[in-house]
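Keep the structure open as you read.

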Amino acid sequence: MTHKISKIAKELTGLLIVICSLLFSVACSDFLYDDSDIVTYADREHLVSDADTLWSVAGIMNKMQALADRTILLGELRGDLVSITDNADADIREVASFSIATGNRYNNPADYYAVINNCNYFIAHADTALENNRNESIFMKEYAAVKAFRAWTYLQLALNYGKVPFITEPIVSKEQSEQEFPMYGINDICRFFIADLAPYADIEQPGYATIRNTDSSLFYFPIYILLGDMNLWAGNYRAAAENYYKFITMCNGRNSSFPISTNSVRFMSNDSHWTATADTWSVNAFQTETRSAYGELITMIPGDSIPSEGNYSELRDLFNTTERNEYKESIRPSEALYSLSALQRYCHYTSGGEYVFSPDGLDDHHSGDLRLQAVYNESNNMAISVNGKRIENYVTNGKYQTRNIHLYRRAMVFLRMAEALNRAGFPRFAFQILKRGVNNSVIETEVVPYYESDAAWLRTFSFPDNRYVLETTAGAASENTIGLHSRGCGYTAANSTYTMPDSEQLTGQQLLDYQIQKVEDMIMDEEALEFAFEGHRFYDLMRVALHRGNPAYLADHVARRSGTVDASLQQKLLTTGSWYMTLPE
């Protein structure tokens, strides 16, 4: 049987490659068996050449494309930051209401196992000792990248299904698929892959070519971020913080810097009407798909450019009004997101050289945090003309304007490092990531004095002042570090209302526990403001609820997404089993 490996392979090489392969089945029950799927190069005992490497990895990327849209939608529709419109179809409604049927197009575990089985085959058959004529390993970069693909895919499975069949050997026959496999939950998955990935964390990622002005190195999952995520979910907070920090120090080369940048959305300093804004945040974060020292994007799944090609993302048509959806979007911001955004205090530096707060009661787009207005715009029922057609409601969501699906970006690494540091017992360190940004001076003055017994460990987080230059009102070209809250809320370093949580009634461990919970609430709010629509929210709520041992944390947030409490949904979500989809029998 022949199979066209993928559009990715064609674009990587400019050639149409047809590969002969065997059919495969993947696991212990019918939902894992799909005789239309293919293990790349299953007709060979070993992968022994550069061509094998390229085609095998491209085949895995092709399988990854099937997971792209659902990764965003399963993480966002079940959270509290979006609502669905009357235009949403039945599958989307099922996801949003936590009533996902077996036939729902977003509930297909076989797609995950198609990735996993191809990864298992590559890992089992790649000759990692093989070298080229320059004594360079032919397979090691790809071997590490494939291990990362597999780990990420298993993490998604566990987050969405709870417990899943765990398979690390390639399945190439129906008989193999009928074996009994152990069922792994999130802790089992994390434990396995922390050990599995660690030896490969320092290996450089592959980089084949620039494809349509996109650096193909963006197609991969950095192992240090995956290790951070696995340790964060597993509750290994110090290890998680160390992993995220290690990525930061190595992203631009060993011992380099990776500052958060000063990209933000702000009112113009001389605007007395509170309407004119300058936005360097959204353009750099969502419309740029090239790697650079200050680039926001870290990892994405590439999408096809033509709907008929099979892996074309539908996200643009769900989050925007387009000709393809007859100018009727399916997903919009929730009342909970509008309220959270409006509750923020925007600290403004005026042209007169003073700090003031923006007034309350501005319109939805300009109250509080400005990040929502920077990416989400609608015509507010003012008819406009598009291609000669009168459109009553026109919506654009700046986070979904390209064919590719963005998964990891710079702010995520810093915010998850803050979450890990906070949980590890250092809420003041986490708070500074939100308020001022961190460099070594900040760590020495605002963090170390409060945790002197851990000073040596805290100083292993080195952010040299000459590489991480804090923002000032002077706006020097060298400035590259702000508190993440400043991305949408003005000059947070000068905001007297954005302060480290404290209590005069508590001391010792009780005070520390209080501060950890309050700073975690601030981090979760910041992640909502920064990552709305990007597919992280449900999992962020889940992780905090599990770490607190309090399902109501998730249930209460989701039940209030419309602005009022949905008591039935709230009650349903108090049972953690309702958080997961059910594997087909």
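## Terms and ground rules

A residue is called buried at under 20% relative accessible area, exposed at over 50%, and partly exposed in between (1.4 Å probe, protein chains only). R548 shows the middle class: its relative accessibility is 23%, so R548 counts as partly exposed.

The model is predicted; local features need pLDDT of at least 70, side-chain atom pairs count only at pLDDT 80 or more, and totals for chains, interfaces and linings use all residues. Residues are numbered from 1 along each chain as its sequence is written, and side-chain values use heavy atoms, with hydrogens and water left out.

## Salt bridges

A salt bridge here is a side-chain nitrogen of Lys or Arg within 4 Å of a carboxyl oxygen of Asp or Glu. By that rule there are 31 salt bridges. Helices (H or I, at least four residues) and strands (E, at least two) are DSSP runs, numbered from the N terminus.

Start with R371 and E530. Their side chains meet in a salt bridge, N to O at 2.8 Å. R371 belongs to helix α14 and E530 to helix α20 (residues 508-531), so this pair ties together parts that are 159 residues apart in sequence. R371 and E530 are both buried.

E520 and R548 form another salt bridge, with their closest N and O atoms 2.9 Å apart. E520 sits in helix α20 and R548 in helix α21, so the bridge ties together parts 28 residues apart in sequence. E520 is buried, at a relative accessible area of 1%. Salt bridges with shared partners also build one network from E296, D369, R371, K399, R409, R487, E526, E530 and E534.

Next comes a bridge between E444 and R459, 2.7 Å from N to O. This pair links distant parts of the chain: E444 is in helix α17 (residues 440-447), while R459 is in the loop between α18 (455-458) and α19 (486-489), 15 residues apart. E444 is partly exposed, at 35% relative accessibility. R459 is partly exposed too, with a relative accessible area of 45%.

## Aromatic pairs

Rings of Phe, Tyr and Trp (its six-membered ring) pair if their centres lie within 6.5 Å; planes under 30 degrees apart count as stacked, over 60 as edge-to-face, and the rest as tilted. The whole structure holds 35 aromatic pairs. In one of them, the ring centres of F98 and F538 are 5.7 Å apart and the planes stand at 55°, so the pair is tilted. It links distant parts of the chain: F98 is in the loop between α4 (90-96) and α5 (109-125), F538 is in helix α21 (residues 537-548), and they are 440 residues apart. F98 and F538 are buried.

F538 also pairs with Y539. Those ring centres are 5.8 Å apart and the planes are at 65°, so this pair is edge-to-face. Both residues, F538 and Y539, are buried. Elsewhere, ring pairs join Y245, F426, F429, Y451, W457, F461, F463 and Y468 into a cluster.

## Charges over rings

A charge sits over a ring if NZ of Lys or CZ of Arg is within 6 Å of the ring centre and within 35 degrees of the ring normal. R410 places its charged end over the ring of F258, 3.8 Å from the centre.

## Helix α9

W233 is one of the buried residues of α9. Eleven of the twelve residues in this helix are buried, so α9 is mostly covered. The expected span of a helix is 1.5 Å times one less than its number of residues. For α9 (residues 223-234) that gives 16 Å, and the end C-alpha atoms are 16 Å apart, which agrees. Just after α9, G235 takes a positive phi of about 85°.

## The nonpolar core

A nonpolar core is a set of buried Ala, Val, Leu, Ile, Met, Phe, Trp, Tyr and Cys residues joined through side-chain atoms within 4.5 Å. The largest one has 163 residues, and Y154, M417, F429 and F463 have the most contacts inside it. Helix α6 (residues 140-161) gives the most to this core, with 14 residues.

Contact means heavy atoms within 4.5 Å. Leaving aside neighbours within four places in sequence, M417 is in contact with A241, Y244, Y245, I248, I433, F461 and F463.
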